[in-house]
Amino acid sequence: MKKDEIIRVLKIMIRNKLSLLGIIIILILVVTAIFAPFLAPYPKQAEGQPNLEEKLQPPSSKHWFGTDYMGRDVLSRVIYGARISLLVAITVVGLGLLIGVPLGLLAGYKGGAVDAVIMRTTDIFLSFPPLLLALLISVTLGRGLVNAIIALAVSWWPWYTRLIRGMAVSIKEKPYVEVAKTMGVSNLKIIARHILPNAISPVIVQGTMDMGSAILEASALSFLGLGVQPPTADWGLMVSQGKDYLLNYWWYPTFPGLAIFITVIAFNLVGDTLREILDPRLRRRYL
Amino acid sequence: MKELLSIQDLHLNFRTFWGMAYVLDGVNLTIYEDEVFGLVGETGCGKSVTSMSILKLLPSNAEVSGKIIFEGKNLLELSEKEMKKIRGRKISMVFQDPMSSLNPLFKIKAQMSDVIKLHHNISKEEALKKAKELLKAVNLPDPDRILESYPHQLSGGMRQRVMIALALSFNPSLLIADEPTTALDVTIQKQILDLILELKEQYHFSVLLITHDLGVVAETCDRVGVMYAGNMVEIADVEELFENPMHPYTQGLLSAIPDPRYKKPLKPLRGNVPSLLDPPKGCRFHPRCDFMMPVCKNKKPPLVEYSKTHYVACHLYGGNKNE
Amino acid sequence: MSELVKVENLKKYFPFKEGIFSRKVRYLKAVDGVTFSMEKGETLALVGETGSGKTTTGRTMLRLYEPTDGKIYFEGKDITKIPLRKFKKTRVQMQMIYQDPYSSLNPRMSIFNIIAEPLRELKYGNLEEKVLSLLESVGLRKEHMYKYPDEISGGQQQRVAIARALGVNPKFLVLDEPTSALDVSVQAQILNLLENLQKEKGFTYLFISHDLSVVRYISQRVAIMYLGKIMEIGSVEQIFESPQHPYTKLLLQSVPIPDPKDKKKRKKLILPGEIPSPLNPPSGCPFHTRCPYAKEICKEKEPEYVEVERGHLVKCHFAEVIK
């Protein structure tokens, strides 16, 4: 994208109240993740150190979000959880794009047998309900954060492949691609210079929204005991552990749950606005 | 001649991704009863949005001001409910691409009878009968077959005839035809234009023909308005406009178009149509004008009456010639 | 003068299936036996209505479509025989300019990169200098070099497309309606540019168009196509001043003339009906369904070409009878 176009897109996103809200939340999340050790009131507890004297305390001036069953400060653990969530979001979507985009470009541009093989493979992946597939892979690979990320990425890439293949198919019919071919430009250069830059916008949008979903699904895996392992602070894991305490100690699962909820919404708000701006048909509407 | 529609000082701005676009900058025009008025100009001159303003079919990011007087009422002040009584009934419209105004999923029969039934309050059978009459009126052979067809089964020319038939169903007093033949081949264009003129004689409506093609204007219109970058620069009787174009833009246009009768040298206009996001100050044509004077950069020339049949907005002609 | 391009009995059929479940494959005969030759430095216009096969002919000549049958000679060599891998060198000398300039430029590349891309393939030394000189030769300036296609006007986009083609030193250019997406004032600029470049570099143009006024201006010879066949071919004077084929005559009658006084002088002759579907072409002479002079023989037998004057060929049974 051109520099001034990026600036223009950012300007519009900041002027749009909902996407501004999303951007602010994501920024807060990033800052929180980076400076977690300085922001968390009890960094030791966030890393897992028990504090059994203060078990299951309600929110107070000392512990804003209360404490959990081991007496650890929930606020500190939610702050540390942002690190895991962002890591998951970026790696899952990143790996998904890394696998999915080149395959999609190849399928769309080459067509024929290459296309058939790649697309039938994605069909197989997509025939599973997404979380179920991640679950299966996760079970096979074993517990742990890295395995959960791999599992999610593997169940994720076919969506990008499909999306970008569709774009590639329509773009390769454009006269400018035809001209490049007649002028002797190689296929690889055509894909890199002509197809990819023109096909990528919807993938960027999808990727942004998927960051939220990736966090949600990683949380689900953690919730089921497959992802992050205790005592690491992870939102999904905290909800999972806290669910048994919901009736008497509501703060324990509620605050990490809220963190997941707000983060997912923030990514969706940004993604939605991005889609409207990057879609040339909708673009005219914007001031 | 009686006035049918009069547009007075129409301004129109669009809020866009790139900023505010100043699309119409004080447009004035009058259409009389029983005439064909041609509105010519290049892309972005505002000829189409002028017609959209008449019908109040503008997108939500538009800001309009000015007056559009039709039958004594200012259309811009009417409510959506009141506009519905005018749109399609007193003022009908035919578009460039008839396919976009027909629903591809329904037969012509259903689409025509629905519209006719709704507006005339008659039974389905009567509506169908009326539809058949209308199709005959637009010279479509075998109206029964047409009624049973889906839009995609008809050719572009036939679809445009169906749209004209629909536009006629309420005896409108004004038919707005927005580039009605641009998507069609020349032979079909000729058929459709001749049909519109024929129907106009028969049904006595006025036509506002929007086009970029000066040939089409010469062959069909009685009077012409030339638009440039949101301004009406010249209005004249068609023969006068072609014989004695006064505005430098009109002169430029006429010397830039090729003539099918002989090879004449083409004198292109310099430069390009300005961006409406940042239009030139003063006369919007001044950066491309060969006769530019200092005053053109600062002051917008008003549209003044040069003679009873000729109006022009240019500082070269100072004002009324009688002064 | 010497011959640069020659097409012999060129055919391009597109296979299609009757329905989703049908096994029967039928052929759309887009180009059905076209023969003509072009001298170095001349402009031949290929004229026809939608579905006449004019664009397919142009594209097939560049082997953007593989011909179904027939021969294409370029500088005496039959290029249909060259395997695609080895075709690169010849292909670069035959370039195409498209109707919609915007879609022929990658919107994500700067003008510099667009023009430089083919030059990089040719291993040019000083790219910056070369790109600038190409831009200047099409009337653009240095300031345009780092803009993007959507930041310049349609006419400028077409200039960029032409500059890009110039970079590879082609000999033969297929111009596929290069001005029909442009405004009239800009159209004249591009037509003049194309003419000047031809004079300077001796280009040979195949000018595909439906606009007879433009054809009259730009071309030396004209071929009139109808349903995949050339109905009449001759010099521009022969075609415009003494057309022999009934289709050519009626087509010329349909062209709007930018002169209101002319319409009173002319007799009204409308070409009836519409071009039949190329999926289902009429037997015998393809034009007989619309021809006012059609006789029995026209339905049964396809007419041969008759040379009515030197270089003036007409495909009509009654070419010499109808006056």
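In this predicted model, helices H6(A) and H8(A) cross in a left-handed manner. The contact between them draws on A:Asp115, A:Ile118, A:Met119, A:Thr121, A:Thr122, A:Asp123, A:Phe125 and A:Leu126 from H6(A), and on A:Val154, A:Trp157, A:Pro158, A:Trp159, A:Thr161, A:Arg162 and A:Arg165 from H8(A). Sorted by class, the residues of this contact comprise eight nonpolar, three polar and four charged.

Two packed helices are described by the angle between their axes and the distance between the axes. For H6(A) and helix H8 (residues 145-171) of chain A, the axes come within 9 Å and cross at roughly 135 degrees. H6(A) is therefore oblique to H8(A).

Helix H6 (residues 112-126) of chain A also packs with helix H5 (residues 74-110) of chain A, the two axes coming within 7 Å and crossing at roughly 140 degrees. H5(A) is therefore oblique to H6(A). The crossing of H5(A) and H6(A) is left-handed. On the H5(A) side, A:Leu103, A:Leu106, A:Ala107, A:Gly108 and A:Lys110 take part, and they meet A:Gly112, A:Val114, A:Asp115, A:Ile118 and A:Met119 of H6(A). This contact of H5(A) with H6(A) has six nonpolar, two polar and two charged residues.

The axis values for each pair are set out below.

| Helix pair | Axes come within | Crossing angle |
|---|---|---|
| H5(A) and H6(A) | 7 Å | roughly 140 degrees |
| H6(A) and H8(A) | 9 Å | roughly 135 degrees |

Note on methods:
Residues are numbered from 1 along each chain as its sequence is written. Chains are lettered from A and ligands numbered from 1 in the order in which they are written. This is a predicted model: local features need pLDDT of at least 70, side-chain atom pairs count only at pLDDT 80 or more; totals for chains, interfaces and linings use all residues. Side-chain values use heavy atoms; hydrogens and water are left out. Axes are lines fitted to C-alpha atoms, for helices over the stretch in contact, and angles run from 0 to 180 degrees between N-to-C directions. Helices (H or I, at least four residues) and strands (E, at least two) are DSSP runs, numbered from the N terminus. Angles under 35 degrees count as roughly parallel, over 145 as roughly antiparallel, 65 to 115 as roughly perpendicular and the rest as oblique. A crossing is left-handed if the near helix is turned anticlockwise from the far one by less than a right angle, and right-handed if clockwise. Contact means heavy atoms within 4.5 Å. Ala, Val, Leu, Ile, Met, Phe, Trp, Tyr, Cys and Pro count as nonpolar, Asp, Glu, Lys and Arg as charged, and the others, Gly among them, as polar.
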